[in-house]
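Biologist: Could you take me through this model and tell me what stands behind each label you use?

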Amino acid sequence: MVDILSLAVTHGLMAIALWRLLSRDDLGRDPGEAALPARPWLRAPVAEPDDEA
Amino acid sequence: MLDLALLAFVAMFLALGIKRPFIWVLAYIYVDAVAPQKIGWSLIQLLPLSLITFIAAFGGWIFLDRKQGSRFTLRQGLIGVLLLYCAYTTTIADFPVEALAKWDWVWKALLFAMFMPLTLRTKLRLEATALIMVLALGTIVINGGIKTALGGGGYGTLALLVRENAGLYEGSILSTAAVSTIPLALWLARHGTIFKPDWRVWTFVAGLVFATLLIPIGEAARTGLVCAGFLALLMLRSAKRRFLYAGLGALALALAVPFLPQSFLARMGTITEHSEDESASTRVAVWMWTLDYAKDHPFGGGFDAYRSNSFTYRMPKVTGTPPNTSVTYETVTDKARAYHSSYFEMLGEQGWPGLFLWLWLQLLGVWQMERIRWRFRRTEEGTASWQWGLATALQQAQLTYLLGAAFVGIAYQPYIFMLIGLQCGLWSYVRRTAHEAPKARFRRPDGGEAVPTPG
């Protein structure tokens, strides 16, 4: 009985966790990751101060 | 019925992985920790679940998962070198058959620990891995905790889910692993997003921690008690209200002692009286033997090299009740006595190079977690950030393990190597997201201060 109870509790929680993971977009990439450049080792072009003025 | 339920659960795990291949990595962690094939009685025992999930996890990552953000860290390289070195010592092992049997599971543990961080590219993946590890171990811990509370404990007699006393189902190993996992469970309760922090989560975690603390009592495992005490001290370091925390801990201990079984108290009393305890006496003898063995075999004797040990010693035995006690000395001969220490296990089996690699791997983890703690303590979020919390939890878990490892031979324990994999994943994640990107987006105008530029 104790075996069944402990298995049911933890496996039930694991099943819920897996189910929730399915619908999470941030499992594959972090929310801010999409904004990063495809080639992060290259610096983004920097605007000159005069241009901004 | 139990077989079918467990099979259905594993099948669900594998089926969900078709949509999200990372779930297969979690499936391997679950199968490795819980070993459902050993819990069932019929069909499930015939299926190579570990192999199936192992192939699914690797195949899923190679063929279906994105690789952007995956990094290979120094510690993964160290695990790889250790793996190759273990392969070498297996070929020259003193006991080739026994060495091959141990190699059969060690290589999987090391290879998976080397691979796992490559898949941990996002915060959610780190969290999901920690959650499955905690719940998988929780399956055994809750079972043992309830049985202990109902009076079913005792040294070597606590019946867990399976009928074998090995791996995570062995008393001292379970105690060490379970106590080491407490910080991770507390981190999930504070920072979890799969199960968001609320009173239900905290109630479950409180119950899990209580069950974990019952395991050393149920198993009468002295190592577990030492680990629990050490973890309490470690947690004081990161606690905001140290005096309140220490006071509550001392009060809880004082209230708990009268309820502890006499057999447990008697066994714990032998912690400081190792000369009168055969288990402890033989450990010291084996450690001395291993030091001598390493002089003749500096490159190790391969897995299970301890089988060649044999020693005779005189052990004091106290009889009678005070004040009428007498001490007699008995001659005891022991053969093929296991190391009972991960440090000596590494020294005996892999020699000085193996021990050096293993210590480097472990201590580098402690240092890297400290670096993350130091880095995030200075940020706006400070100690409230999830990165600081996870680094602290993983550091506490590892230090607790390293203390327990002094008394238990768990140098290659797969569950602990998964903790190392989680550390590598966090280290890689933090370096990628919190260090390199901001640095690449700053420029220094002539003679001026560094200014951020739009990304």
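Modeller: Gladly. Let me start with handedness: a crossing is right-handed if the near helix is turned clockwise from the far one by less than a right angle, and left-handed if anticlockwise. Keep in mind that this is a predicted model.

Biologist: Which crossing do you have in mind, and what is its hand?

Modeller: Helix 2 of chain B passes helix 8 of chain B in a right-handed crossing.

Biologist: Why are helix 2 and helix 8 of chain B called roughly parallel?

Modeller: The two helices of chain B, helix 2 and helix 8, pack at an angle of about 25°, and their axes are 9 Å apart. Angles under 35 degrees count as roughly parallel, so helix 2 of chain B is roughly parallel to helix 8 of chain B.

Biologist: Which residues make that contact?

Modeller: From helix 2 of chain B come Phe22(B), Leu26(B), Ile29(B), Tyr30(B), Ala33(B) and Val34(B). Helix 8 of chain B gives several residues, among them Ile132(B), Met133(B), Ala136(B) and Leu137(B). By class, the contact has eleven nonpolar, two polar and one charged residues.

Biologist: Let me pick Ala136(B) from helix 8 of chain B. What makes Ala136(B) buried?

Modeller: Ala136(B) has 26 other C-beta atoms within 10 Å. The cut-off for buried is 20 or more, so Ala136(B) is buried. Beyond its neighbours within four places in sequence, Ala136(B) is in contact with Ile29(B), Tyr30(B), Ala33(B) and Val34(B). Between Ala136(B) and Ile29(B) there are 8.0 Å from C-alpha to C-alpha, while in sequence they are 107 residues apart.

Biologist: What do the totals for chain B look like?

Modeller: Chain B has 455 residues, of which 47% count as buried, and its secondary structure comes to 17 helices and four strands. Taking its contacts between residues at least 6 apart in sequence, 75% join residues at least 24 apart.

Biologist: And what about chain A, how many helices and strands does it have?

Modeller: Chain A has two helices and zero strands. Of its 53 residues, 17% count as buried.

Biologist: How do you know that the length of helix 12 of chain B agrees with its number of residues?

Modeller: At 1.5 Å a residue, the 15 residues of helix 12 of chain B should span 21 Å, and the end C-alpha atoms are 21 Å apart, so the two values agree. Helix 12 of chain B is hardly covered, as the count of buried residues in it is zero.

Biologist: Which non-glycine residues with a positive phi can you show me?

Modeller: Asp304(B) has a positive phi of about 60°, and phi of Ala336(B) is near 50°. Asp304(B) is in the loop between helix 14 and strand 1 of chain B, whereas Ala336(B) is in the loop between strand 2 and helix 15 of chain B.

Conventions
Residues numbered from 1 in each chain as written. Chains lettered and ligands numbered in written order. Predicted model: local features only at pLDDT ≥ 70, side-chain atom pairs only at ≥ 80, totals over all residues. Buried ≥ 20, exposed ≤ 12 C-beta atoms within 10 Å, placed from the backbone. Contact = placed C-beta atoms within 7 Å. Expected span 1.5 Å × (residues − 1). Axes fitted to C-alpha atoms, helices over the stretch in contact; angles between N-to-C directions. Parallel < 35°, antiparallel > 145°, perpendicular 65-115°, else oblique. Nonpolar A, V, L, I, M, F, W, Y, C, P; charged D, E, K, R; others polar.
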